[in-house]
Amino acid sequence: MIDLLIKNSDGIIKAFWETNFMMAVSMLVCLIFSLPLGILLFSLEKDYLLKNKFIYQILSILLNALRSVPFLIFIFILIPVNRFLFKTAFGNLAATLPLALVSISIYSRFVEQALLNVPKKIIDRAISMGATKLQIIRYFLLPSIKSDLILSFTSVTISLLSYSTVMGVIGAGGLGEFAYRYGYQEYDYNLMYLVVIIFVIYVFIIQSIGYGLAKNYINKKEK
């Protein structure tokens, strides 16, 4: 395996950074949009915040639609949008759009669910203290779910890593395409297994970082 890794190091490193680029851009966009969207979804359900069932249903249907379309088909559906935004439907940058949209649809639901699990006594305390809607969200709700947000973001990141393996259909490269093209198609199964091992290590690192950050926050909170 070591000899195989050295022999294919240039291709693996290139594919690794292609995967990292797709992941980094997509997860950054996800974080920027999902957190406020999840908070908005929660707020639209609560009388003490922004109760509006109609808008909630519209947003909910849109998010569910994004999650319901098979990912491979979703990539092809977004080709015209990619051409409009990036002037190309192929390549590493074009791959970030479907990945970002799927991650937003998943993580915003995680944020909403985490907020729904906040103990009622925390909300009652905030209301009794005369906190404004913004203060309820900022000083009472969000601090209560930080560890949940970290863990769920970790889960979404791992899921997105799996999604990134099919982005070779639009020439985005990455470890998934490398394993398929140079491993499976050329009958070099040892190379394919090597890439699988890299994925396993990658997931282990992501999960360790996420769980470590969540555990560190919980320990600080308990002190």
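This is a predicted model: local features need pLDDT of at least 70, side-chain atom pairs count only at pLDDT 80 or more; totals for chains, interfaces and linings use all residues.
**A walk through the helices**

T154 is buried, with a relative accessible area of 6%. Which residues does T154 contact beyond its neighbours within four places in sequence? They are I206, Q207 and G210.

Next comes the packing of helix 9 against helix 2. Helix 2 runs over residues 9–43. The axes of helix 2 and helix 9 are 11 Å apart, and the angle between them is about 140°. Angles over 145 degrees would count as roughly antiparallel. The pair is therefore oblique. The crossing of helix 2 past helix 9 is right-handed. On the helix 2 side, the contact is made by T19, M23, S26, M27, C30, L31 and L35. Helix 9 supplies L149, F153, V156, T157, L160 and L161. How do the residues of this contact divide into nonpolar, polar and charged? There are 10 nonpolar residues, three polar and no charged.

In the model, residues 21–42 are 100% helix and 0% strand. The end C-alpha atoms of that span are 31 Å apart. Residues 191–214 are also 100% helix and 0% strand, with end C-alpha atoms 35 Å apart.

Now to helix 3, residues 53–68, which holds S60. Is S60 buried or exposed? Its relative accessible area is 8%, so S60 is buried; the cut-off for buried is under 20%. Setting aside residues up to four places away in sequence, S60 touches L41 and R109.

Two loop residues complete the tour. K87 lies between helix 5 (79–86) and helix 6 (92–116). K87 is not a glycine, yet its phi is positive, at about 65°. Its relative accessibility is 71%, so K87 counts as exposed; exposed means over 50%.

Where is Y187? Y187 is in the loop between helix 10 (175–184) and helix 11 (189–222). Y187 has a positive phi of about 60° and is not a glycine either. With a relative accessible area of 64%, Y187 is exposed.

Definitions and conventions. Residues are numbered from 1 along each chain as its sequence is written. Side-chain values use heavy atoms; hydrogens and water are left out. Buried means under 20% relative accessible area, exposed over 50%, partly exposed in between (1.4 Å probe, protein chains only). Contact means heavy atoms within 4.5 Å. Helices (H or I, at least four residues) and strands (E, at least two) are DSSP runs, numbered from the N terminus. Axes are lines fitted to C-alpha atoms, for helices over the stretch in contact, and angles run from 0 to 180 degrees between N-to-C directions. Angles under 35 degrees count as roughly parallel, over 145 as roughly antiparallel, 65 to 115 as roughly perpendicular and the rest as oblique. A crossing is left-handed if the near helix is turned anticlockwise from the far one by less than a right angle, and right-handed if clockwise. Ala, Val, Leu, Ile, Met, Phe, Trp, Tyr, Cys and Pro count as nonpolar, Asp, Glu, Lys and Arg as charged, and the others, Gly among them, as polar.
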